[in-house]
Amino acid sequence: MKIIGESLPNLPWQERPTNSQEILWRHDNNPIISWNPTPHTARIFNSAVLPYEDGWKGIFRADHRDGKARLHLGSSSDGLSWDIEDSEILWIDEQGEPYQPFYAYDPRMVKIGDKYYIVWCTDFGGATLGLGYTEDFHTFIRLENPFIPFNRNGVLFPRKIKGNFMLLSRPSDSGHTPFGDIFISESPDLTYWGKHRRVMSSGGSGWWQSTKIGAGAVPIETTEGWLLFYHGVSNTCNGYVYSIGAALLDLDLPSKVLYRTKDYLLTPEQPYETTGFVPNVTFPCSALCDADTGRITIYYGAADTSLAIAYTQIDLLLDYLKSNAELLPSDEIEYR
Ligand code: BMA
């Protein structure tokens, strides 16, 4: 098994503690960003990070002191200590006119060719996906919204498959959506979307992903399939609980699930995950992999308040995934 991707020797990394049996283990100095990180921002959490030049760039979900979510740009030399701009990212359309979202949250970012594409949740008479790109992290160009409301958790694949861009999403409702499966849609040009397929459903024999699921990080390409980290949600007397799982999708037909974790890999346990603006949330938006070592570093939002990091290693994870998988009836087929 090999990772098809770039070398990232500077990826933040810590070995698994010697006494740990975890498949995902937490950074020992979590969270890396917490309450009131800049004058205008109250909380920074579900955020996307990529290598850029000799450092790192991040698109951060930042809830302001008015309570509303926006996207902010951040820079870092080590991926751990971040310099986050106090003003939100300003978007223009392809004609150069302002095209600013009313709100923006849960960004995912992927490099395709020379462009860094960002997908987020935006307002369009209701929540749906926003899409844009930057080439230099100075000018941010917003494209057409891929879908009509309601939709969330948009994640682009890092390359075209059979000539088309591929976008994971989670159709939803206007509120806090007590249901939700992961779908995939194709586009030749990032404007016209179709050939929708259902990839994965909520449910299973356990409860952690019984209410809804949503794509988390941009899939990592391996010779055995696309590795997708996703969130699974259960409902409790005290509200939703967001945990992290993983799946392996077929390389040529990513609507087909090969393996999917029966149990969660990480669930809210630490104080910064169980306590905060929204308790009991671990929400991955970014997973970076060093192709040489198979090290994977996941950035996840904690309790809608902080940004945290967890680590895993590709061989360890895939071995675990294969021997602890459970598929649902619609997972294995090209469901339409
Ligand atoms: C989801 C999104 C996420 C958030 C989560 C838990 O619906 O809004 O941004 O982390 O709820 O509140």
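This briefing walks through the pockets, salt bridges and backbone details of the structure above. The model is predicted: local features need pLDDT of at least 70, side-chain atom pairs count only at pLDDT 80 or more, and totals for chains, interfaces and linings use all residues. Residues are numbered from 1 along each chain as its sequence is written, and side-chain values use heavy atoms, with hydrogens and water left out. Helices (H or I, at least four residues) and strands (E, at least two) are DSSP runs, numbered from the N terminus.

**Largest pocket**

- The largest pocket holds about 760 Å³ of space. A pocket here is an open set of points on a 1 Å grid over the protein atoms alone, where a 1.4 Å probe fits, with protein on both sides within 12 Å along at least five of seven lines; lining residues have an atom within 4 Å of a point. Grid points are joined across faces, edges and corners, and a volume is the space filled by probe spheres set on the points.
- The largest pocket is lined by 35 residues, and those closest to its centre are Arg61, Tyr105, His176, Tyr242 and Asp304.
- Two or more lining residues each come from β4 (55–64), β8 (104–112), β12 (151–156) and β19 (239–249). The largest share, 3 residues, belongs to β19.
- By type, this lining divides into 13 nonpolar, 12 polar and 10 charged residues.

**Second largest pocket**

- About 520 Å³ of space lies in the second largest pocket.
- Its lining has 23 residues, with Glu6, Leu50, Val110, Pro158 and Leu288 nearest the centre.
- The elements giving two or more residues to this lining are β3 (48–52), β8, β17 (220–222) and β21 (282–289). With 5 residues, β21 gives the most.
- The lining of the second largest pocket divides into 18 nonpolar, 2 polar and 3 charged residues.

**Salt bridges**

- The whole structure contains 12 salt bridges (a side-chain nitrogen of Lys or Arg within 4 Å of a carboxyl oxygen of Asp or Glu).
- Glu15 and Arg295 pair through their side chains at 3.5 Å, N to O. Glu15 lies in the segment before β1 (25–26) and Arg295 in strand β22 (residues 295–302), so this pair ties together parts that are 280 residues apart in sequence. Glu15 is exposed, at 55% relative accessible area, while Arg295 is partly exposed at 28%. Buried means under 20% relative accessible area, exposed over 50%, and partly exposed in between (1.4 Å probe, protein chains only).
- Arg26 and Glu273 form another salt bridge, with their closest N and O atoms 2.8 Å apart. This pair links strand β1, which holds Arg26, to helix α1, which holds Glu273, across 247 residues. Both Arg26 and Glu273 are buried.
- A salt bridge also joins Arg70 and Glu88 (3.8 Å, N to O). Arg70 sits in strand β5 (residues 69–76) and Glu88 in the loop between β6 (83–84) and β7 (91–92), 18 residues apart. Arg70 is buried, with a relative accessible area of 12%, and Glu88 is partly exposed at 25%.

**Backbone details**

- The peptide bond from Asn30 to Pro31 is cis, with omega near -10 degrees; Pro31 is in the loop between β1 and β2 (41–44).
- Pro149 and Phe150 are joined by a cis peptide bond with omega about 0 degrees, and Phe150 belongs to the loop between β11 (140–142) and β12.
- Asn280, a residue other than glycine, has a positive phi near 65 degrees. Asn280 is found in the loop between α1 and β21, and is partly exposed with a relative accessible area of 22%.
- Asp304 also has a positive phi, near 50 degrees. Asp304 lies in the loop between β22 and β23 (306–313) and counts as buried at 16% relative accessibility.

Technical notes
Ala, Val, Leu, Ile, Met, Phe, Trp, Tyr, Cys and Pro count as nonpolar, Asp, Glu, Lys and Arg as charged, and the others, Gly among them, as polar.
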